[in-house]
Amino acid sequence: AATKELITLSSAHFDSAKADALLDGRPPEDVPRDALPWLDQLLQQPQWRELIYSLHAQHVGSTFVHLALLRLFQSGHAVEARSRVQGANAVASLGGSSVRHLLDSLPELLAARLACAPGA
């Protein structure tokens with residue numbers, strides 16, 4: 001119940017300028033992996049990932065939200081994130097090229113496909 005309330009408050013009071021300031025003016029691709037370790041912990045939980053997808057729809061230009069999506073793509077949630085992020089340009093911009101994303105997420109895509117295949 002407390003997590004749900006925190007997510008509701010975070011969504012209602014999200015300030016993209018303040019969130020973007022956490023990156024010190026760096027583009028998401030230049031933020032070290034060990035920066036903002038709490039973000040990676042939150043992104044492991046489905047309800048917080050849902051918040052990021054919702055924030056992306058509302059704050060498309062936010063570099064903080066872009067970083068969160070980039071981390072989702074890099075942390076084993078590429079299939080889920082790709083299905084939730086609208087627009088091919090948005091997906092491609094998360095790593096520089098859609099080909100790179102395809103290759104990076106190929107093992108996960110194949111595993112998801114095989115899990116749904118009859119007789120697998």
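Select helix 4 to begin: its 13 residues should span 18 Å at 1.5 Å a residue, and because its end C-alpha atoms are 19 Å apart, the two values agree. The expected span used here is 1.5 Å times one less than the number of residues in the helix, and helices (H or I, at least four residues) and strands (E, at least two) are DSSP runs, numbered from the N terminus.

Before moving on, note that this is a predicted model, in which local features need pLDDT of at least 70 and side-chain atom pairs count only at pLDDT 80 or more, while totals for chains, interfaces and linings use all residues. Residues are numbered from 1 along each chain as its sequence is written, and side-chain values use heavy atoms, with hydrogens and water left out.

**The whole chain**

Of its 120 residues, 33% are buried, where buried means under 20% relative accessible area, exposed over 50%, and partly exposed in between (1.4 Å probe, protein chains only). The accessible surface comes to about 7,200 Å², and 60% of that belongs to carbon and sulfur atoms; such areas come from the Shrake-Rupley method with a 1.4 Å probe, and for residues only the protein chains shown count as cover. Among contacts with a separation of 6 or more, 67% are between residues 24 or more positions apart, a contact being heavy atoms within 4.5 Å.

**Helix 4 and the core**

Return to helix 4 (46–58) and colour Trp48, Arg49, Leu51, Ile52, Tyr53, Leu55 and His56, which are buried. Next, keep Ile52 selected and display what surrounds it: leaving aside neighbours within four places in sequence, Ile52 is in contact with Leu43, Val65, Ala68, Leu69 and Leu72.

Which residues touch the most other members of the largest nonpolar core? They are Leu36, Leu39, Ile52, Leu69 and Leu72, out of 24 residues in that core. Helix 3 (37–43), helix 4 (46–58), helix 5 (63–74) and helix 6 (78–84) each supply at least two of the core residues, and helix 5 gives the largest share, with 7 residues. A nonpolar core is a set of buried Ala, Val, Leu, Ile, Met, Phe, Trp, Tyr and Cys residues joined through side-chain atoms within 4.5 Å. In soluble globular proteins, nonpolar side chains tend to be buried together.

**Two residues with positive phi**

Now select the loop between helix 2 and helix 3, where Leu36 is found. Leu36 has a phi near 55°, a positive value in a residue other than glycine, and at 14% relative accessibility Leu36 counts as buried. Asp24 is placed in the loop between helix 2 (16–21) and helix 3, and Asp24 has a positive phi of about 55° although it is not a glycine. Asp24 is exposed, with a relative accessible area of 62%. Most residues other than glycine have a negative phi.

**Aromatic rings**

Show the aromatic side chains next, since a search of the whole structure finds 2 aromatic pairs. The rings of Phe14 and Phe64 have centres 6.5 Å apart and planes at 40°, so this pair is tilted. Phe14 sits in the loop between helix 1 (2–12) and helix 2, and Phe64 in helix 5, 50 residues apart, so that the pair links distant parts of the chain. Both Phe14 and Phe64 are buried. The rings of Trp38 and Phe64 have centres 6.2 Å apart and planes at 20°, so that pair is stacked. Trp38, which is partly exposed with a relative accessible area of 38%, lies in helix 3. Ring pairs link Phe14, Trp38 and Phe64 into a cluster. Rings of Phe, Tyr and Trp (its six-membered ring) pair if their centres lie within 6.5 Å, with planes under 30 degrees apart counted as stacked, over 60 as edge-to-face and the rest as tilted.

**Two serines in loops**

Finally, select Ser62, in the loop between helix 4 and helix 5, which is buried with a relative accessible area of 3%. The side chain of Ser62 reaches the backbone nitrogen of Phe64 at 3.3 Å. Then move to Ser75, in the loop between helix 5 and helix 6, where Ser75 is partly exposed with a relative accessible area of 24%. The backbone oxygen of Arg71 lies 2.8 Å from a polar atom of the side chain of Ser75.

Key. A polar contact is a pair of N or O atoms within 3.5 Å; within protein, one must be able to donate a hydrogen and the other to accept it, and residues adjacent in sequence count only if both atoms are side-chain atoms.
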